[in-house]
Amino acid sequence: MTARIAEEPASTSLNAWFLVAVGFLALAVSFSVRAILGLSMPVIERELGWSYSFLSGVGATALMVTAIVAPFAGRAIDARGPRLLLAGGLVLIAAGAAVVSVATSEALFIVAFGLVAALGFTAVGTNVVAAAIAKRFVSGRGLATGIGTAGATAGQLLVVPMVAVLMQTGSWRDGFLALAAVALLLALVAAIALPGRPSRNVGAPPETGESMAAGILSLVREPVFHILFWSFLICGFTSSGVIETHLLPYASFCGFPPLPSATAYGILCAVNMAGMILSGLLTDRMHRSTLLGAIYLARAATFVLLIYIAPDIRLLYLFAVLYGLFDYSTVPVTVGLAASHLGVHRLGLVMGLISGGHALGGAAGAFAGGILFDTTGGYALLWGGSFALAVLAGLLAFTLDDRPRGEGALSVSPS
């Protein structure tokens, strides 16, 4: 027997689109603070004598905090809505960035970025924003989710270069302090304007009082959840793990100068933002399982290109365009499938767990890249392994039905 859950009614009000706008800006700030740690590493090393290993370790600590806390943040979206989580997360990001801007001790830096700001990154994560938006839309859900979550890459495209200019004219500390001020201002906007604890929508299932543990236990019995979880873990390995961490070092390894390499990464971010919006649009219009599987297979093909880019930098630019199309574009499709197959009423918890898997995959990819480079003296095995994993993720996605069984229903648990 298949339980049935009705979809929540569509919401296309001004308030719903305002949530999309705030989510976009919040992610832009959150991901910018994360990104400028890497941007600041050479300057921090020169000023304070802290090694790349230490600073990278702080970034890895933040990623692990995200993996642990993401399910709780997702549960909070289901129970209390986006206001408290996004506003509170932005305050934590502001606090962490502000303390980082004055830190002179390693311990304080670890606590400020690896714990306080990391908790903010988790509260203002793509999974949180995606779940909050998806709960407000049925018609046009994919497009709205794609636009809102595109802020994650927009921050790297737009905000980080501005911070880099600020750092050139002043100090690396000024960049963190400026973003702290922006985060605090946006937190005020979110606290005033976003909806608070959600009321039960017409057509949504009645509150069951299900505990978080019971919800997780129910989900792990679902084959659909495992397909989405493991494919998204691979997504993390093949995106934030290997590309965000190792692409620029690989470009240097290939003999490309820093500025053209950074330009290629900027192109990747620009195309990435367009790819997320396009993916959201297609999510509303085509067979979603086929779309998700095709994205993973196309991503796999780009790793083959990456192996052969040296010594032609034009191939690096080509890779940036092609990979950018299929990087974060998995997010709107995954959210859409999670909502329809596992239930909008617990979408925050679902995406929190899946996002935790993505963070673990990212940490594994970053670590594996360093180990493989140290042991082999190159990146060929890393790109070959990423190709194989992306193909596996694509094959997993193809096994999903586009719609759950039961006319107009969401599959919750077969029995």
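Predicted model: local features only at pLDDT ≥ 70, side-chain atom pairs only at ≥ 80, totals over all residues.
# Notebook: a cavity and its surroundings

**Entry 1: the cavity.** I looked up how many cavities of 30 Å³ or more the structure holds, and the count is 1. The volume of the largest cavity comes to about 60 Å³.

Which residues line the largest cavity? I listed Thr153, Gln156, Ile243, Glu244, Tyr265, Leu268, Cys269, Asn272, Asp327 and Tyr328. Sorted by class, this lining has 5 nonpolar, 3 polar and 2 charged residues. I also checked the helices: helix 7 (151-169), helix 11 (243-253) and helix 12 (258-283) each supply at least two residues of the lining.

Entry 2: Is cysteine 269 buried or exposed? Its relative accessibility is 3%, and because buried means under 20%, cysteine 269 counts as buried. Cysteine 254, at 15%, counts as buried too. I then looked for disulfides, and the count is 0.

**Entry 3: threonine 283.** I went back to helix 12, where threonine 283 is found. Threonine 283 has 5% relative accessibility, so this residue counts as buried. What does threonine 283 touch, not counting residues up to four places away in sequence? I wrote down Gly142, Arg288, Leu291, Pro332 and Val333.

**Entry 4: leucine 179.** Next I moved to helix 8 (residues 172-193), which holds leucine 179. At 4% relative accessibility, leucine 179 counts as buried. Leaving aside neighbours within four places in sequence, I found leucine 179 in contact with Val29, Ser32, Val33, Ile36, Val159 and Val163. I also looked at alanine 94, which is 85 residues from leucine 179 along the chain, yet their C-alpha atoms are separated by 7.2 Å.

**Entry 5: helix 5.** How many of the 9 residues of helix 5 (residues 126-134) are buried? I got 9 of the 9, so helix 5 is largely enclosed by the rest of the structure. Among the buried residues are Thr126, Asn127, Val128 and Ile133.

Entry 6: Where is proline 311? I placed proline 311 in the loop between helix 13 (288-307) and helix 14 (313-325).

**Entry 7: the whole chain.** I stepped back and counted 17 helices and 0 strands in the protein chain. Of its 415 residues, 52% count as buried. I also looked at contacts between residues at least 6 apart in sequence, and 86% of them join residues at least 24 apart.

**Entry 8: confidence.** The chain averages a pLDDT of 85, and 89% of the residues score at least 70. Over residues 199-208 the pLDDT is below 50, and this stretch has 13 contacts in the model beyond near neighbours in sequence. Residues 406-415 also stay under 50, and the model has 35 contacts for them beyond four places in sequence.

Note on methods: Residues numbered from 1 in each chain as written. Heavy atoms only, no water. 1 Å grid on protein atoms, 1.4 Å probe; cavity = no way out; pocket = protein on both sides within 12 Å on 5 of 7 lines; lining within 4 Å. Points joined across faces, edges and corners; volume = space filled by probe spheres on them. Helix = DSSP H or I, 4+ residues; strand = E, 2+ residues; numbered from the N terminus. Nonpolar A, V, L, I, M, F, W, Y, C, P; charged D, E, K, R; others polar. pLDDT = per-residue confidence, 0-100. Contact = heavy atoms within 4.5 Å. Buried < 20%, exposed > 50% of the residue type's maximum accessible area, 1.4 Å probe, protein only. Disulfide = S-S within 2.5 Å.
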